[in-house]
Amino acid sequence: MRFLLDAAAEGATGGGSGIVTIVMLVAMIAIFYFFMYRPQKKQDKQQNEMRNSIEVGDEITTIGGIIGKIVSIKEETLVIETTKDKTKIRILRTAIRSVDVKAEDSQG
């Protein structure tokens, strides 16, 4: 019984537990980086590439769910046509969720 009390007291005072704590903390940070931060950065990069590669004539869907065809592009804004009545809406480039049909695909 005395041996168990001595072992418990030694474990409570430290010994090597400080190093184990640091190693566990570093491992948790590494896991967080590889499973959360890195994939999000990769997804952001793909979104930016998609938004920068749009062209006049592409059919897009906005974050708000509006579907239209791009008729003009300026630096950070673009104009889309949404209906057969040629209704035009000006949106921000960052409001694009996806490119549904590329211009060269729809002409073929």
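Here is a quick tour of one protein chain, taken from a predicted model.

## The overall layout

Let's start with the big picture. The chain has 108 residues, and its secondary structure comes to three helices and five strands.

## What's inside

The largest nonpolar core has eight members: Met50, Ile54, Ile60, Ile70, Leu78, Ile80, Ile91 and Ile96.

Which residues does isoleucine 96 touch? Skipping its neighbours within four places in sequence, Ile96 is in contact with Gln47, Met50, Arg51, Ile54, Ile60, Thr61, Thr62, Ile63, Leu78 and Ile91. Met50, Ile54, Ile60, Leu78 and Ile91 also turn up in the list of core residues, along with Ile96 itself.

Now for the surface. The chain exposes about 8500 Å², and 60% of that comes from carbon and sulfur atoms.

There is also a nonpolar surface patch of about 930 Å², built from Met28, Ile31, Phe32, Tyr33, Phe34, Phe35, Met36 and Tyr37. To find one of its residues in the structure, look along helix α2, which covers residues 17-52 and holds Ile31. Is Ile31 buried, exposed or partly exposed? Its relative accessibility is 46%, so Ile31 counts as partly exposed.

Notes:
Residues numbered from 1 in each chain as written. Predicted model: local features only at pLDDT ≥ 70, side-chain atom pairs only at ≥ 80, totals over all residues. Heavy atoms only, no water. Core = buried A, V, L, I, M, F, W, Y, C linked by side-chain atoms within 4.5 Å. Buried < 20%, exposed > 50% of the residue type's maximum accessible area, 1.4 Å probe, protein only. Contact = heavy atoms within 4.5 Å. Helix = DSSP H or I, 4+ residues; strand = E, 2+ residues; numbered from the N terminus. Areas by Shrake-Rupley, 256 points an atom, 1.4 Å probe, with all protein chains shown as cover. Patch = residues over 30% accessible without salt bridge, like charges linked within 9 Å, V, L, I, M, F, W, Y side chains within 5 Å. Salt bridge = Lys/Arg side-chain N within 4 Å of Asp/Glu carboxyl O.
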